[in-house]
There are 2 protein chains.
Amino acid sequence: MNRDELEQLQLEQLQSTLNRAYKNVPFYKKQFDLLGIDTSTLSSVQQIKDLPFTTRQDLANNYPYDLFAVPLRDIVRISPSAGTTAKPLVVGYTKGDLKARNTVTARFLAAGGVVDTDIVQICLNPGLSSWGRALKEGAENIGASVMPMTHMSTSKQLMAMKDYRTSVLLTTPSYAMHILEVIKDTNIETSNLALKAILVLGGPLDPDWRNRLERVLDISLTAGYGLSDVTAPGIGFECHEKNGLHISEDYFMLEIIDPGTGDVCLPGKYGEVVLTTLTARAFPLIRFRTGDLASIKDDLCPCGRSFVRISEITGHTGEVLTIAGVKVHPAQIEHILKTVSGKTPPRFLIRLYKENFLDMVEIWLEITETIFSDEVKLVENSLKHLRRQVFQMLGLEVSIRLVEASTIEQHDLPSGGVIDDR
Amino acid sequence: MNRDELEQLQLEQLQSTLNRAYKNVPFYKKQFDLLGIDTSTLSSVQQIKDLPFTTRQDLANNYPYDLFAVPLRDIVRISPSAGTTAKPLVVGYTKGDLKARNTVTARFLAAGGVVDTDIVQICLNPGLSSWGRALKEGAENIGASVMPMTHMSTSKQLMAMKDYRTSVLLTTPSYAMHILEVIKDTNIETSNLALKAILVLGGPLDPDWRNRLERVLDISLTAGYGLSDVTAPGIGFECHEKNGLHISEDYFMLEIIDPGTGDVCLPGKYGEVVLTTLTARAFPLIRFRTGDLASIKDDLCPCGRSFVRISEITGHTGEVLTIAGVKVHPAQIEHILKTVSGKTPPRFLIRLYKENFLDMVEIWLEITETIFSDEVKLVENSLKHLRRQVFQMLGLEVSIRLVEASTIEQHDLPSGGVIDDR
């Protein structure tokens with residue numbers, strides 16, 4: 001498909017998406033009416049820049065069903081995730097939406113080398129179960145043998161990888177590095193592994209990591225881009241050139257905007273990734289602000305694909321953090337603190353660091369009398385309760401560190417601020 | 001289907017299962033040859049009692065692929081689970097096997113009242129992800145909207161249940177009771193819930209619990225029977241009579257045997273459930289000893305189904321425990337202790353109890369110098385490490401209690417013994 005054909009396809013799909021959103025989703029009708037937008041006059045994809053943005057807060061405000069564009073009887077899958085607000089984020093899928101998701105996911109997998117004779121092992125943490133399902137279904141679509149996400153220790157995952165002759169591993173970049181460490185520790189001969197490829201998504205990929213994984217394990221590593229709580233993995237995928245992520249532009253329209261002004265950025269300039277769904281029936285999103293930062297690469301890719309490429313995701317706007325692939329907002333931690341203490345939570349900082357390549361989280365809590373009694377036993381119980389709540393809400397194991405007010409002040413950050421030592 | 005037709009079907013399927021097992025699985029060939037069994041002479045299903053048993057240890061001994069009866073290229077799903085031995089247990093499925101599993105699972109769901117307009121929510125812990133997938137696929141088979149297993153706190157699950165107007169909940173009996181408690185604590189009006197049915201599996205169902213759940217939530221509760229690490233959920237299912245579990249005898253042949261002598265038990269007598277797969281292509285099991293205890297009810301069920309019924313599972317043979325739906329063998333705890341300490345593990349007891357209806361596990365460790373240094377910091381780290389290992393290996397949160405040798409001796413149990421206070 002050349003760019004002209006692609007733009008024509010995008011225009012038609014965008015028109016029908018806008019019409020359906022206007023007709024079926026009160027949120028969009030209200031927004032369009034307010035701005036005086038007539039969805040029937042759209043004559044070029046460039047006009048998308050006149051449409052309003054959709055934010056994560058809009059998703060939360062319209063919880064539970066208000067952004068669904070089809071009646072509930074047409075929804076076959078309701079996929080909640082902990083989400084980055086106090087409410088769970090929920091995506092709905094029709095049968096057709098799931099088929100489209102599987103196609104896009106299979107495209108990411110195929111570009112990374114997955115074929116029908118492969119044995120594919122999926123290693124993701126429980127917080128990413130929606131991705132796990134999508135990757136399983138995408139790989140089954142290709143006809144591969146799939147070992148789905150399973151709750152097992154890394155050493156058992158490695159045992160299965162060796163004994164079942166896994167040829168493709170699907171995981172996050174940092175878990176791939178962690179596996180490499182465990183391989184060293186357990187003296188597994190890498191020549192005894194049948195691995196030929198690793199596909200990663202859900203976190204930044206250090207070029208050094210890629211080199212090390214490719215060299216030590218003698219595999220080819222390719223990255224993908226997805227949004228765990230909104231749509232599919234494989235929205236973006238590396239081809240064998242490994243020079244940026246192609247966006248599946250027949251399913252998603254891509255823009256990069258200046259997060260401050262909302263203006264569209266020129267190629268090469270970093271900005272916020274904004275996506276518009278082109279085929280979604282159940283849960284159409286128009287100009288969804290992902291919070292992810294990247295830039296467009298506008299040179300032609302030698303692989304021949306006409307889909308535009310973006311750089312690796314280099315960071316996030318505002319305060320949304322990606323920890324072990326899970327998107328977290330400091331306000332969620334504050335919300336949990338409030339729930340546990342039942343009143344004004346103490347000031348806190350979030351410190352992120354790496355241990356054996358895994359993302360670790362430390363919550364620094366200012367010692368105050370509002371939440372902690374001075375009886376040691378009670379403090380211990382509060383902290384245990386807090387740790388458990390964070391784990392239950394976000395799927396993350398955190399450690400809590402009680403610190404003097406002065407420690408927090410030294411860092412000159414507002415409560416909820418983040419010290420990122422990763 | 002009347003009993004004669006069913007027996008004829010079973011005989012034909014059993015013959016073909018035995019032939020395939022003999023031809024393709026060296027383990028079965030060796031066993032049959034040793035016992036001089038000629039699989040071609042089978043003329044009645046009753047002759048199944050002359051065949052050898054398959055045990056969990058056999059599964060471990062034939063790890064990884066040796067019990068697979070088809071080449072790997074025909075396997076579309078490889079499903080490992082933590083398993084009840086040091087090695088993961090692995091089930092393989094062909095496309096047809098998955099289809100059969102979905103049919104059996106859908107039958108369990110349909111008997112519990114699930115129809116295509118339902119909104120089905122699956123609440124299971126991460127250790128039961130294989131069941132989660134089967135239930136999701138079974139419910140999608142029926143055409144229901146499915147909210148799959150998701151890592152969220154009980155209160156978020158409840159929020160989703162209320163806001164998404166969940167009509168059917170799939171969970172374990174104890175988690176259903178736990179949800180009831182949380183509903184009370186959070187002051188949710190049960191009349192605001194759209195729940196009409198709860199389907200449970202993976203643990204004993206106290207008749208009191210059933211009454212309470214049905215009365216307070218105004219729902220119908222039905223139970224199912226499955227084996228998390230070997231086959232599907234929905235091997236057995238209650239009909240609306242709720243008087244025992246019908247076994248899907250067109251897919252599984254049922255026997256109840258005396259666990260000591262191996263002799264077949266008469267109806268009404270409790271013994272070990274033994275299952276033979278009748279349709280499995282990838283992973284046929286002949287006379288698999290499940291370790292679950294139940295009895296056959298041989299009166300006709302007023303519902304009209306000809307499938308035989310068994311009682312609720314009343315316990316387990318040997319030492320296999322079912323904790324929060326996960327099958328655990330004390331030897332696994334011993335194995336982890338050995339790994340953590342690097343030498344002879346200390347004596348230990350496992351204490352099980354209930355808290356808010358959830359299964360809790362306490363490991364009592366004899367205080368000894370072989371594993372713990374007397375420096376407090378080191379002891380703490382060892383215990384933390386041990387807890388984390390148990391969680392990673394079994395998906396269970398446990399607490400560790402250090403006890404004097406005399407405490408263990410009082411209970412007069414061997415190391416690895418179980419105090420079940422549930």
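**Two copies and their contact**

Chain A can be laid on chain B by a turn of 180° and a shift of 0.1 Å along the axis, with an RMSD of 0.0 Å. The two copies are thus related as by a two-fold rotation axis. Please keep in mind that this is a predicted model. Which residue of chain A comes closest to the rotation axis? That is Pro126(A), with its C-alpha at 3.4 Å.

Now the interface. Chain A puts 48 residues into the contact, and chain B puts in 49 residues. Of the interface residues of chain A, 100% are also interface residues in chain B, so the copies meet through the same surface. Between them, chain A and chain B bury about 4300 Å², and 58% of that is on carbon and sulfur atoms. On the chain A side, the residues that lose the most area to chain B are His151(A), Lys156(A) and Tyr164(A), together 18% of what that side buries.

As for polar pairing, there are 18 residue pairs in polar contact between chain A and chain B, counting pairs with both residues at pLDDT 80 or more. Several elements of chain A each supply at least two residues to the side that touches chain B: strand S1 (77–81), helix H5 (129–142), strand S4 (145–147), helix H6 (154–163) and helix H10 (376–394). By residue type, that side of chain A divides into 27 nonpolar, 11 polar and 10 charged.

Next, the salt bridges. The whole structure has 44 of them over all chains. How many cross the interface of chain A and chain B? The rule finds four.

One salt bridge joins the side chains of Glu137(A) and Lys136(B), at 3.1 Å from N to O. The pair crosses between chains, from helix H5 of chain A to helix H5 (residues 129–142) of chain B. Are these two residues buried or exposed? Glu137(A) has a relative accessible area of 10%, so it counts as buried. Lys136(B) is at 2% relative accessibility and is buried as well.

In another salt bridge, the side chains of Glu140(A) and Arg77(B) meet at 2.5 Å, N to O. There is also a network of salt bridges that links Arg77(A), Arg101(A), Glu137(A), Lys136(B) and Glu140(B).

In chain B, Arg101(B) is found in helix H4 (residues 95–111). With a relative accessible area of 5%, Arg101(B) is buried. Leaving aside neighbours within four places in sequence, Arg101(B) is in contact with several residues, including Arg77(B), Arg133(B) and Glu137(B).

The side chains of Lys242(A) and Glu214(A) meet at 2.6 Å, N to O. Lys242(A) lies in the loop between strand S8 (236–237) and strand S9 (245–247) of chain A, and Glu214(A) lies in helix H8 (residues 207–217), so the pair ties together parts that are 28 residues apart in sequence. Lys242(A) is partly exposed at 25% relative accessibility, and Glu214(A) is partly exposed at 21%.

In chain B, Glu362(B) forms a salt bridge with Arg351(B), with the closest N and O atoms 3.4 Å apart. Glu362(B) is in strand S19 (residues 358–366) and Arg351(B) is in strand S18 (residues 348–355), so this pair ties together parts that are 11 residues apart in sequence. Glu362(B) is buried, with a relative accessible area of 11%.

Key: Residues numbered from 1 in each chain as written. Chains lettered and ligands numbered in written order. Predicted model: local features only at pLDDT ≥ 70, side-chain atom pairs only at ≥ 80, totals over all residues. Heavy atoms only, no water. Contact = heavy atoms within 4.5 Å. Buried area = accessible area lost by both parts, 1.4 Å probe. Polar contact = N/O pair within 3.5 Å; in protein donor to acceptor, adjacent residues only side chain to side chain. Helix = DSSP H or I, 4+ residues; strand = E, 2+ residues; numbered from the N terminus. Nonpolar A, V, L, I, M, F, W, Y, C, P; charged D, E, K, R; others polar. Least-squares fit on C-alpha atoms with pLDDT ≥ 70 in both. Buried < 20%, exposed > 50% of the residue type's maximum accessible area, 1.4 Å probe, protein only.
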